Protein chains: 2
Amino acid sequence: MKKIEHLTPKQIRSLIRKGKWDKPTAGLAMGYAQANLVILPQKNAFDFLLFCQRNPKPCPLLEVLEPGEFRTKFLSSDADIRTDIPRYHIYQKGKLQKTVKDIETSWKSDFVSFLLGCSFSFEEALLRANIPVRHIEEEKNVPMFITRIPCTPAGIFHGPMVVTMRPLPSDQVTRAVQITSRYASVHGAPIHIDRPSVIGIKDLGKPDFGDPVTIKNGEVPVFWACGVTPQAVVVKARPDLCITHAPGHMFISDLLNEELAVL
Amino acid sequence: MKKIEHLTPKQIRSLIRKGKWDKPTAGLAMGYAQANLVILPQKNAFDFLLFCQRNPKPCPLLEVLEPGEFRTKFLSSDADIRTDIPRYHIYQKGKLQKTVKDIETSWKSDFVSFLLGCSFSFEEALLRANIPVRHIEEEKNVPMFITRIPCTPAGIFHGPMVVTMRPLPSDQVTRAVQITSRYASVHGAPIHIDRPSVIGIKDLGKPDFGDPVTIKNGEVPVFWACGVTPQAVVVKARPDLCITHAPGHMFISDLLNEELAVL
């Protein structure tokens, strides 16, 4: 068998579906967009769709499935979101109940599935332009911080924006803004540059999630809206039921990152 | 009193609210974004929001209000969408019942209001770049065509995409693509360039809506997704009730077109 890194999205999803891959998906199917998953009962779906519309930077919708639908159309023509993600988290009233490898038996006909863009897509674009991505260099998880920037609420959903931080040499900040601006559907341009205290971040060495990374002399911390935001907001709203992908265990689509870019 | 062309969006909305302006809004509050309005009962709102998410080029959402809410937050902090549009169309089961100057007495607590971007915004950007906009030069309504490009359906909403056509000198087509790409929230880049028959348009001289315009020797027809698409789709789905702005009688926001631009 080929090394999994060299398989196509379809081949990898097939392995995942058969239970042969239940680990994180970073580094797999390079060039293809990966997506976050949030599943909610239909009664909460309008509010959450509205929340995403009002907060496109932390919540960039790639595809929303009809109530009860578990097959994607846009991101892939042959995927089943009940089985094609390595690990799922099932929440009841905002509490994590269990982690499972498929959700076929938990599936209900009123479930609405939301697939959201992921920063893997723009990180690949940064690397291609020779802009360093520190947590990848250091083989860590990206550092994430809860800011004091409020999301625009919608129905039961509200909360602060979570951001990721990537330190950059100051002469590469402008280029990083330009490059990530092309990827509006995967968090897009930075929401803040430098001066972490302005957005309520006290200590860059102590992220709220993920790992701290080295900030070299003269480097500027640059902040992007993070896909943890919708998950944190959904859990906080305590809907009766919510299913998400387990962190890092993403949906691998058939769409090239380049197909998501504008200009 | 100042000429209406020189008033601010707030001053113009105030005149409209008092019933002192009930004509089209083209040319008013230059530089500020104008918006299309679609109001639906809550039971149809999720489907329509999903339709817009799936068809962002013809249906670029600028703001969606909470059920029952009639005050905008993002587009203006002091507007009332029940009174601040010059003329409204009220449809029942897809049939136009009447045209009115305000909808205060028709308002229901389950109404969800959708405000969508309008091509006035990118036309201003084209003119600023010395790119001709023929229907403005000829003081006509933009020519619109029903294409054979299907929208992606959502729930009860489906139908073909409607496009606007602007003829351009061939050496300005690339520049027009670049400029309008910046305005993704107001229809964005062209959906088709030249060769009208490919998208099902038989005769550029016979638009389905609006007026025919002159196409000079060597000019290329360029097609953009049109805000008539959501209205046509909504009317076709025959919801119990639907209220829209009357064509050309738009909502004038406090947001500069330039604030909608990316890059």
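Predicted model: local features only at pLDDT ≥ 70, side-chain atom pairs only at ≥ 80, totals over all residues.
Let us turn to the place where the two chains touch. The contact takes 19 residues from chain B and 19 residues from chain A. Of the interface residues of chain B, 100% are also interface residues in chain A, so the copies meet through the same surface. The size of an interface is often given as the accessible area lost when the parts come together. Here chain B and chain A bury about 1600 Å² between them, and 66% of that area is on carbon and sulfur atoms.

Polar groups take part in this contact too. Between chain B and chain A there are 2 salt bridges. One salt bridge that joins the chains pairs the side chains of A:Glu66 and B:Arg54, at 2.6 Å from N to O. Across the interface of chain B and chain A, 6 residue pairs are in polar contact, both residues having pLDDT 80 or more. Which elements of chain B give two or more residues to the side that touches chain A? They are α2 (42–54), β2 and α5 (173–181) of chain B. The largest share of that side, 6 residues, comes from α2(B).

Next, follow chain B to helix α1, residues 9–17. In this helix B:Pro9, B:Ile12, B:Arg13, B:Leu15 and B:Ile16 are buried. They cover an arc of only 160° around the axis, which puts them on the same side of α1(B). What covers these buried residues? The cover includes β1 (32–41) and β11 (251–256) of chain B. After α1(B) comes B:Gly19, with a positive phi near 80°.

B:Arg17 pairs with B:Asp84, and their closest N and O atoms are 2.7 Å apart. This pair links distant parts of the chain, 67 residues apart: B:Arg17 is in helix α1 of chain B, while B:Asp84 is in the loop between β2 (61–64) and β3 (88–92) of chain B.

B:Arg87 forms a salt bridge with B:Asp22, the closest N and O atoms being 3.0 Å apart.

Stepping back, a search of the whole structure finds 34 salt bridges over all chains. In chain A, one of them joins the side chains of A:Asp240 and A:Lys93, at 2.8 Å from N to O. A:Asp240 lies in the loop between α6 (228–237) and β10 (241–245) of chain A, and A:Lys93 in the loop between β3 (88–92) and β4 (95–100) of chain A, so the pair ties together parts that are 147 residues apart in sequence. A:Asp240 is partly exposed, with a relative accessible area of 36%, and A:Lys93 is partly exposed at 45%. Chain A also shows a network of salt bridges that links A:Lys10, A:Arg13, A:Asp78 and A:Asp254.

Most residues other than glycine have a negative phi, and most peptide bonds are trans. A:Ala29 has a positive phi, near 45°. A:Ala29 is found in the loop between α1 (9–17) and β1 (32–41) of chain A, and it is buried, with a relative accessible area of 3%. In chain B, B:Asp194 has a positive phi of about 65° although it is not a glycine. B:Asp194 lies in the loop between β8 (192–193) and β9 (219–225) of chain B, and it counts as partly exposed at 33% relative accessibility.

Conventions: Residues numbered from 1 in each chain as written. Chains lettered and ligands numbered in written order. Heavy atoms only, no water. Contact = heavy atoms within 4.5 Å. Buried < 20%, exposed > 50% of the residue type's maximum accessible area, 1.4 Å probe, protein only. Helix = DSSP H or I, 4+ residues; strand = E, 2+ residues; numbered from the N terminus. Arc of directions from axis to C-beta. Salt bridge = Lys/Arg side-chain N within 4 Å of Asp/Glu carboxyl O. Buried area = accessible area lost by both parts, 1.4 Å probe. Polar contact = N/O pair within 3.5 Å; in protein donor to acceptor, adjacent residues only side chain to side chain.
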